[in-house]
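Here are my notebook entries from a walk through this model.

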Amino acid sequence: MGTFQIEGGHRLSGEIQPQGAKNEALQILCAVLLTEETVTINNIPDILDVNKLINLLRNLGVKIEHIGKGSYTFKSDELDMNYLNSEQFKIDGGGLRGSIMIVGPMLGRFGKGFIPKPGGDKIGRRRLDTHFEGFMKLGADFRYNKEERFYGVEAPNGLKGDFMLLEEASVTGTANIVMAAVLAEGTTTIYNAACEPYLQQLCNMLNSMGAKISGVGSNLLSIEGVEKLVGCEHRILPDMVEIGSWIGLAAMTKSEITIKNVNWGMLGIIPTTFRKLGITVEKRGDDIYIPAHEDGYEVQSFIDGSIMNISDAPWPGFTPDLLSIILVVATQARGSVLIHQKMFESRLFFVDKLIDMGAKIILCDPHRATVIGHDFKSQLKATTMTSPDIRAGISLLIAALSAKGTSTIHNIEQIDRGYEHVVKRLKGIGAKITRLE
Ligand SMILES: CC(=O)N[C@H]1[C@@H](OP(=O)(O)OP(=O)(O)OC[C@H]2O[C@@H](n3ccc(=O)[nH]c3=O)[C@H](O)[C@@H]2O)O[C@H](CO)[C@@H](O)[C@@H]1O
Ligand SMILES: C=C(OP(=O)(O)O)C(=O)O
């Protein structure tokens with residue numbers, strides 16, 4: 001278990017370049033399985049989850065070349081199907097959430113897809129029903145081995161397009177079904193599809209490979225199946241969740257920070273949501289400029305004067321992956337805010353660590369927390385903590401950087417899952433952080 005030691009209470013300053021998006025990369029990497037031709041992907045983040053998935057693809061027989069920083073080529077022309085029955089696959093597949101998305105492309109191209117129960121954050125129940133109901137709608141047979149927690153779908157006679165209304169707009173579920181449907185016979189219509197930038201990017205990439213997907217960016221996708229897909233080159237967007245994390249970091253440490261080349265057009269409601277806490281998020285070309293908040297930041301109120309409420313929702317609503325960061329930043333705001341995590345039922349429990357540090361938070365129930373901001377009149381105090389999940393982890397790191405004294409965070413593999421070279425990059429803007437092995 002890795003550990004960070006953080007000396008808090010220092011101002012940071014300078015520029016930070018966002019990494020490529022983790023959740024987009026996981027979809028895009030799975031899509032390389034859909035063609036025997038070469039696929040080149042640029043701006044792949046060097047993070048634990050992505051490297052685990054690249055390793056899984058290599059073990060499956062994909063020929064992979066690292067051709068430059070963040071750039072790789074993939075060629076899936078001779079896959080080793082026996083790997084899917086191996087013990088190694090159980091270890092590799094169970095190591096991250098994103099591995100679930102190899103099932104759709106394998107089913108679409110080879111008529112069968114398997115996966116052990118995928119890993120990822122323990123942030124509440126994480127059902128896979130949407131994925132498998134979608135595959136079944138396309139004509140696949142489903143089986144689940146409860147003992148081994150192993151999922152399988154097979155369609156020896158190929159998949160047939162159909163209309164489906166998803167029970168929920170699942171991000172990885174939509175990606176998985178789209179990747180199966182591109183090679184199905186006939187037209188598939190997916191209503192209540194997730195439409196995050198991750199999915200828009202995936203659909204655009206598939207179209208550049210010869211797929212026929214329309215409705216990209218909406219919750220109604222139409223996919224006309226094609227016989228085969230060809231190679232392509234794709235660039236991954238900057239990570240909007242990482243960008244949001246750095247906005248929070250700047251505000252809470254009263255630091256002047258510029259986040260470079262953020263691709264503003266794809267940030268959706270994220271800048272507006274930080275502004276609701278009174279944080280200045282300035283657009284400078286394609287950069288985000290956060291000034292040092294010398295006088296703190298004040299939570300806005302609704303038109304009728306009622307208490308501010310920030311909650312998550314499927315895109316274009318506010319991503320649940322930034323709610324933990326909003327919560328930690330709110331602990332130093334002027335005013336109070338109700339944080340409502342609607343999607344995941346165990347993602348707010350990390351607030352007990354913030355309470356230990358002196359934050360004023362009432363955990364109303366597993367989904368809601370009321371934060372009463374300190375307005376910097378009282379600084380958080382350093383402590384020793386363990387990171388329970390990726391976004392709680394980065395939130396605790398932000399809290400530690402703002403706190404008085406030296407904090408220790410254990411289980412930082414959670415942070416390494418999704419944040420590239422975090423020590424080096426944070427040191428680059430003046431943070432006092434050390435990795436202890
Ligand atoms: C690898 C990856 O891409 N992971 C992301 C993906 O996970 P993932 O694709 O696993 O998450 P889903 O979109 O399937 O659902 C997340 C949770 O939200 C609930 N739910 C979902 C849709 C909905 O309309 N209503 C609802 O309540 C689900 O029951 C589930 O508990 O999307 C999540 C939701 O944005 C993000 O937190 C994860 O970072
Ligand atoms: C929950 C997340 O990741 P995963 O779905 O990979 O667990 C996340 O990125 O915030």
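**Entry 1: domains**

Into which domains is the chain divided? I looked that up before anything else, keeping in mind that this is a predicted model. The division gives domain 1, made of 3-19 + 238-436, and domain 2, covering 22-235. I then checked how they meet: 19 residues from domain 1 and 16 residues from domain 2 make the contact. On the domain 1 side of that contact I found seven nonpolar, four polar and eight charged residues. The C-alpha centres of the two domains are 31 Å apart.

**Entry 2: ligand 1**

Which residues come nearest to ligand 1? I noted Asn23, Ser170, Val171, Thr172 and Met343, out of 20 residues around the ligand. Two elements, helix 1 (22-31) and helix 6 (171-181), each give two or more residues to this shell. Helix 6 gives the most, three residues. By type, the shell splits into seven nonpolar, seven polar and six charged residues. I also asked myself why ligand 1 can be said to lie between the domains. Both domain 1 and domain 2 give residues to its shell, so ligand 1 lies between them.

**Entry 3: ligand 2**

What surrounds ligand 2? I listed Lys22, Asn23, Asp49, Arg97, Gly98, Gly120, Asp121, Asp321, Ile390, Arg391 and Gly418. Helix 1 and helix 12 (390-402) supply at least two residues each. I sorted this shell into one nonpolar, four polar and six charged residues. Ligand 2 also lies between domain 1 and domain 2, because both of them give residues to its shell.

**Entry 4: the annotated positions**

Next I opened the UniProt record, an unreviewed entry, which lists Arg97, Asp321 and Met343 under "binding site". My own list for ligand 2 includes Arg97 and Asp321, while Met343 was among the residues that come nearest to ligand 1.

Where does Arg97 lie? I found Arg97 in the loop between helix 3 (87-93) and helix 4 (103-110). Is Arg97 buried or partly exposed? I count Arg97 as partly exposed because it has 18 C-beta neighbours inside 10 Å, and buried would take 20 or more. Leaving aside residues up to four places away in sequence, Arg97 touches Pro118, Gly119, Gly120 and Thr172.

Asp321 is in a loop as well, the one between strand 17 (308-311) and helix 10 (323-330). I count Asp321 as buried because 25 other C-beta atoms lie within 10 Å.

**Entry 5: helix 2**

Asp49, from my ligand 2 list, sent me to helix 2, residues 48-59. The helix has twelve residues and spans 16 Å from first C-alpha to last, close to the 16 Å expected at 1.5 Å a residue. Which of its residues are buried? I wrote down Leu48, Asp49, Val50, Leu53, Leu56 and Leu57. The spacing reminded me of a general point: an α-helix has 3.6 residues a turn, so residues three or four places apart point the same way. The cover over these buried residues includes helix 1, strand 4 (63-68), strand 5 (71-75), helix 3 and helix 13 (413-416). Just after helix 2, I spotted Gly61 with a positive phi of about 105 degrees.

Technical notes: Residues are numbered from 1 along each chain as its sequence is written. Chains are lettered from A and ligands numbered from 1 in the order in which they are written. This is a predicted model: local features need pLDDT of at least 70, side-chain atom pairs count only at pLDDT 80 or more; totals for chains, interfaces and linings use all residues. A residue is near a molecule or strand if its C-beta atom, placed from the backbone, lies within 6 Å of it. Helices (H or I, at least four residues) and strands (E, at least two) are DSSP runs, numbered from the N terminus. Ala, Val, Leu, Ile, Met, Phe, Trp, Tyr, Cys and Pro count as nonpolar, Asp, Glu, Lys and Arg as charged, and the others, Gly among them, as polar. Domain bounds come from an automatic or database domain assignment. UniProt positions are given in the numbering used here, feature names are shortened, and annotations may be inferred rather than shown by experiment. A residue is buried if 20 or more other C-beta atoms lie within 10 Å of its own, exposed if 12 or fewer, and partly exposed in between; C-beta atoms are placed from the backbone. Two residues are in contact if their C-beta atoms, placed from the backbone, lie within 7 Å. The expected span of a helix is 1.5 Å times one less than its number of residues.
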